[in-house]
Amino acid sequence: MRKPFLAATVATTLLLAGCGSGSSSSGEVRLRMIESLTSPERTKLIKTLIADFEKANPGVTVELVSPPLDSADQKITQILQTKKDLDVLEVRDHTAKSFSNNGWLAELPTTEWPGWSDLTELAQKKAVEVGGKAYLIPYGFYQRTLFYRTDYGMAQPPTTWEELYEAGKKMTSGDRFGYSFRGGKGGADYAVMMISAYNGEALNPEKSFYLKDKRTIFSTPEAAQAMELYVKIFKEASPPDSVSWGYPEMVQGFTSGVTGMLIQDPEVIKTVEDSGVTAWSTAPIPKGPTGYAFQPVGYAGWGATSFTKHPKEAVKLVQFLSEAKQSIAFAKGNSLIPISKQAQNDPQFSQGAWKAYLQAQQDPKQVITIRPVDYPGWSQFLVDSDRDVQALITGKKTVADVLKSWDAFWTDQAKKVS
Amino acid sequence: MRTFNVRRARFIALCLLPGVVFVALFTYYPVLRGAVMAFQRYNLFDLTSTPFTGLENFRAVLGEERFWTALRNTGTWVVVSLFFQFFLGFGLALLLRRHFRGRGLYQAWVFFPWAMSGFLIGLLWRWMFNGQFGVINDLLLKTGIIDQRIGFLASPGWAMTSVIVANVWYGVTFFAIMIMAALQSVPKELYEAADVDGASRLRQFWHVTLPHIRTTLALIVLLRIIWILNFPDLIYSMTGGGPAGSTDIITTFLIQQVIGGDYGRAGAVGLLVLGLLLSFSVFYLNATRFEKSR
């Protein structure tokens, strides 16, 4: 009886040992990498970049793990908690702080890497945003712009939220609406964008949910003004159904001709181009009455785990993906604002729909902000605030109710952080 | 003889061991870990400090209006979905029991929703119910049933109806399969005897079919109640619990706690759901056993 038991034990041990990553008997290094914002085309592109890396680094192979988009960050967190079998990972702006807090990310060397000086100022800034240390190298940026249909009687794009409301109202009749409103997941972000613009110079861009005098941006009369207009834009210039719209519906609304305006990330450019819509253009996002527009720049990047058995190779892979040739190819493939200075000479990023991003970058009153993603309640706020926005636009809550609860939440968060 | 029994018992235990280990590892350990988390401050933001906080998470969850809304919605979601799934499934099973040309093909066509993931079904119905681009609005407009588009997922009442319609579409299949299998187990002799006695179809159904399949029905209803309650996939991908929490059920509420990074609270909600299901199951099984013995 003992022999089969022993045989089973040995077989199981061998099987489990074979499952892990690391060095094979031939001395070859096998890296395990995981992505978060997965899509079939993107995975394909990453695989071609990995193939180039493997060619340039004989003896190193990379296994790419691509979990489904909706549960990817949870899966990554679970793997990180076990501290096993992961060398390189995609880190997002809202996961960077918790990953580094828990000691899962390795600090990446920057000074001895020649590619560092080729990164744009924004890329360098965002790389060290968490605790002043480079826990990731961004691969591109998501900055919003206004898309508008020039065939819907709009010669000039609206430059303020009030103008957007007026223009949207004019376009709205029958089955056509002015604005692709986002009432579903991520909708609260647009409300915050408007509130920020209405607070203007008083806002602290480094901690953008707070004013320079430490109060929250939700506590001011300007915030109430912004939210009143926000509700009017929904009620008078947007499809009633948009109370549940997320990203796909917003874009579909614009490309199908149901709506005439849309505020979205640059990745939409390719979708609009492919849709066959020809009479459209882009402009920087609208400003508040203060003359200011504020928005965070969304980003994600590549990082290495603190527990990798092959730190040298893992860092090498992150650096390879972040170098000009690879990062420009990645930004092009995903319609992202690139991280390499060399991309400024690329016609794709300086013409057509991309021009609006350059315009915004050159306008000192189009300000890039930092959202309090490093506060413990950030993830909870994302869930709660979307729900509050739906309650607001469906009349279940008032502007005062919503602003009061958001103000209380972030006042409490400020105490927790300090 | 004794030695033989011991050796045999050892052998059986050894054969069972891998199964026991895997179940313990992948079922009982996560449940236990989740239960422990319910009594800890376990926030994803900082896992370097996870102290025990007693009943704090339970107090926080039970003090939230959203939890009670989700609980009320869960009642509607389970009861209405189950009602339609059961009766439509029963009807379908009775129809499919008959022999007709192409029955196999028809059965496969009817059963295919059961092979799809809840998340995918949610996405499909989300687009079909879309107020601007959805096929359902188009059909209703073209047939003249409505004269303006309905925001199915935009108003609280319609949103709950819409997710229940999608769930009924999905779950009817389960009842149809299970009831059809149960119906096929009823001995033909019983119907022949009933025919000889001159019993009508309705009386045969009431006095022969139903008593014979009652135990199966009780069990599949219980199973389905548990599954519907634990089926957030469809709602989550269709409405995300919205608008304004009107389609939130207790398990979508749990997911929101997880996404919010508060695993402690999520653990507490998980334990409450477990408690609810256990109490219901014990009550239900006792009730149906009583019915059987009577």
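## A partly exposed lysine and its partner

A:K397 has a relative accessible area of 30% and therefore counts as partly exposed, a class that lies between buried (under 20% relative accessible area) and exposed (over 50%), with a 1.4 Å probe and protein chains only. The side chain of A:K397 meets that of A:D388 in a salt bridge, at 3.0 Å from N to O; the term denotes a side-chain nitrogen of Lys or Arg within 4 Å of a carboxyl oxygen of Asp or Glu. A:D388 is buried, because its relative accessibility is 6%. Through salt bridges with shared partners, A:D384, A:D388, A:K397 and B:R66 form one network.

## Basis of the model

The model is predicted: local features need pLDDT of at least 70, and side-chain atom pairs count only at pLDDT 80 or more, while totals for chains, interfaces and linings use all residues. Residues are numbered from 1 along each chain as its sequence is written, chains are lettered from A and ligands numbered from 1 in the order in which they are written, and side-chain values use heavy atoms, with hydrogens and water left out.

## Other salt bridges

Over all chains, the structure holds 26 salt bridges. One of them links B:R66 with A:D384, whose closest N and O atoms are 2.7 Å apart. This pair crosses between chains, from helix α3 (residues 65-97) of chain B to helix α14 (residues 378-393) of chain A; helices are DSSP runs of H or I with at least four residues, numbered from the N terminus. B:R66 is buried at 18% relative accessibility, and A:D384 is buried at 17%.

Within chain A, A:K126 forms a salt bridge with A:E129, with 2.7 Å between the closest N and O atoms. A:K126 is buried at 2% relative accessibility, whereas A:E129 is partly exposed at 25%.

## Nonpolar cores

A nonpolar core is a set of buried Ala, Val, Leu, Ile, Met, Phe, Trp, Tyr and Cys residues joined through side-chain atoms within 4.5 Å. The largest has 137 residues, of which A:M33, A:W161, A:F218, A:M227, A:Y230 and A:W406 touch the most other members. Helix α7 (residues 188-199) of chain A contributes the most to this core, with 9 residues. Another core, apart from this one, has 66 residues, including B:V61, B:F129, B:L140 and B:V186.

Beyond its neighbours within four places in sequence, A:Y230 is in contact (heavy atoms within 4.5 Å) with residues including A:F181, A:Y190, A:M194 and A:L392.

Methods:
Helices (H or I, at least four residues) and strands (E, at least two) are DSSP runs, numbered from the N terminus.
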